[in-house]
Amino acid sequence: MRAETQNIVAEIEKSLELLAQRLNWETAEFRLEEFNARVEDPNLWDDPEAAQKLMRERQALVDSINTYKGIKQDLSDNIELIELGEMEEDAEVVKDAEESLKTLKDKAAEKELEALLDGEADANDTFLEINAGAGGTESCDWASMLARMYVRWAEKKGYKVELQSESAGDEAGIKSAAYKISGHNAYGWLKSESGVHRLVRISPYDSAAKRHTSFSSVWVYPVVDDNIEIEVNPADIRVDTYRSSGAGGQHVNTTDSAVRITHIPTGIVVTSSEKSQHQNRDIAMKALKSRLYQQELDRRHAEINAAHEAKGDAGWGNQIRSYVLQPYQMVKDLRTGHETSDTKGVLDGDLDGFMAATLAMNVSGKSRSEAQGED
């Protein structure tokens, strides 16, 4: 077997080790038997919510077991094919198996990262807020570019995207926008995007064609289940209604039905501008509870809290990522060092590389050291 192929096999085996660790492989099938026994309980659906939760947990375990077994079997099959091809001097068989191993390495690495999305709320849907920084039209246009980028990313993932509220810029772009993005692990993937994003480009709004720097901030927090008890004292909130000022189209309201809720003790402000004021109040309260839940997560997880505290104002010194379109093409994450010259691809939603690098930095290193400590 060629040295390059041996390295690929070693990478797949490392991913399998981590998958086994996160799955607690020694007890996985025993736990599945327990789930199956509980599913057969005739009284299971007496409590539909508990039953649905049990079914989701069981299916997640089934998927994890099947993923681990599938990768392990594919690895074994392709190694055998390479050995057989080398024995029979069949270069075509060897080549096909080596190509399959390369594809399997990418799949194993992806599943390894997904396995690390095991935070308390990682599997949840997410709210995503974008706010233009100082800089007027330039920053508002940059905020709209970021909104488009994240919508494109979510659509590529097959996630559902719902615009919750939007405030148009005075001349172009948006001052702010809030989205709900629904899909498995939506929060787990997007949480690394919280922070200030910096754009450097030749301004299309500058007749002198000078280079401008713009900033916008991104805030991500999980959608919490109704079962999670977050108490909000009515005396601690102020509810205002107003006329929506969206950019146009179906998201504009012509009555004062939009709702803004301010949580006085924390200063958190959430908005919703759908058609019904009753619906907006419900959506805004859920968003508020999600924000309060995020604060609780921050308190429990110091590293998440530090990342959010470091976000600061949308300006110099606080950015997590730079998008340079002039005088050269480069997007670089300042936390991980991950970078690419494919600026068009990134702005079209190709963000997985940046998210994976941040996830690997924050979680994978810890997990690998834990794995080594058990050797």
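Predicted model: local features only at pLDDT ≥ 70, side-chain atom pairs only at ≥ 80, totals over all residues.
Axes are lines fitted to C-alpha atoms, for helices over the stretch in contact, and the angles between them run from 0 to 180 degrees between N-to-C directions. On that basis, helix 2 (residues 25-39) and helix 3 (residues 48-87) pack at an angle of about 145°, with their axes 10 Å apart.

**Helix 2 with helix 3**

- Helix 2 passes helix 3 in a left-handed crossing, and the contact is made on the side of helix 2 by W25, A28, E29, R31, L32, F35, N36, R38 and V39.
- On the side of helix 3, the residues that make this contact are L54, M55, E57, R58, L61, V62, I65, Y68 and K69.
- Sorted by class, the residues of the contact of helix 2 with helix 3 comprise eleven nonpolar, one polar and six charged.

- The C-alpha atoms of K69 and L16 are separated by 9.4 Å, although the two residues are 53 residues apart along the chain.

**Helix 1 with helix 4**

- Helix 1 (residues 3-23) and helix 4 (residues 91-115) pack at an angle of about 30°, their axes being 9 Å apart; because angles under 35 degrees count as roughly parallel, the two helices are described as roughly parallel to each other.
- Helix 1 passes helix 4 in a left-handed crossing, with E4, T5, I8, V9, E11, I12, S15, L18, L19 and R22 of helix 1 taking part in the contact.
- Helix 4 contributes E98, L101, K102, L104, K105, A108, A109, K111, E112 and A115 to this contact, which by class has ten nonpolar, two polar and eight charged residues.

- K102 forms a salt bridge with E4, the closest N and O atoms being 4.0 Å apart, and the pair links distant parts of the chain, with K102 in helix 4 and E4 in helix 1, 98 residues apart.
- Both partners are partly exposed, K102 having a relative accessible area of 31% and E4 a relative accessibility of 40%.
- K102 and E4 also belong to a network of salt bridges that links R2, E4, E98, E99 and K102.

**Other salt bridges**

- E129 forms a salt bridge with R291, with the closest N and O atoms 3.3 Å apart; E129 lies in strand 1 (residues 126-132) and R291 in helix 7 (residues 277-300), so the pair ties together parts that are 162 residues apart in sequence.
- Both E129 and R291 are buried.
- The side chains of K175 and D170 meet in a salt bridge at 3.2 Å, N to O, in which K175 is partly exposed with a relative accessible area of 37%, whereas D170, at 70% relative accessibility, counts as exposed.

Definitions and conventions:
Residues numbered from 1 in each chain as written. Heavy atoms only, no water. Helix = DSSP H or I, 4+ residues; strand = E, 2+ residues; numbered from the N terminus. Parallel < 35°, antiparallel > 145°, perpendicular 65-115°, else oblique. Left-handed = near helix turned anticlockwise from the far one by under 90°. Contact = heavy atoms within 4.5 Å. Nonpolar A, V, L, I, M, F, W, Y, C, P; charged D, E, K, R; others polar. Buried < 20%, exposed > 50% of the residue type's maximum accessible area, 1.4 Å probe, protein only.
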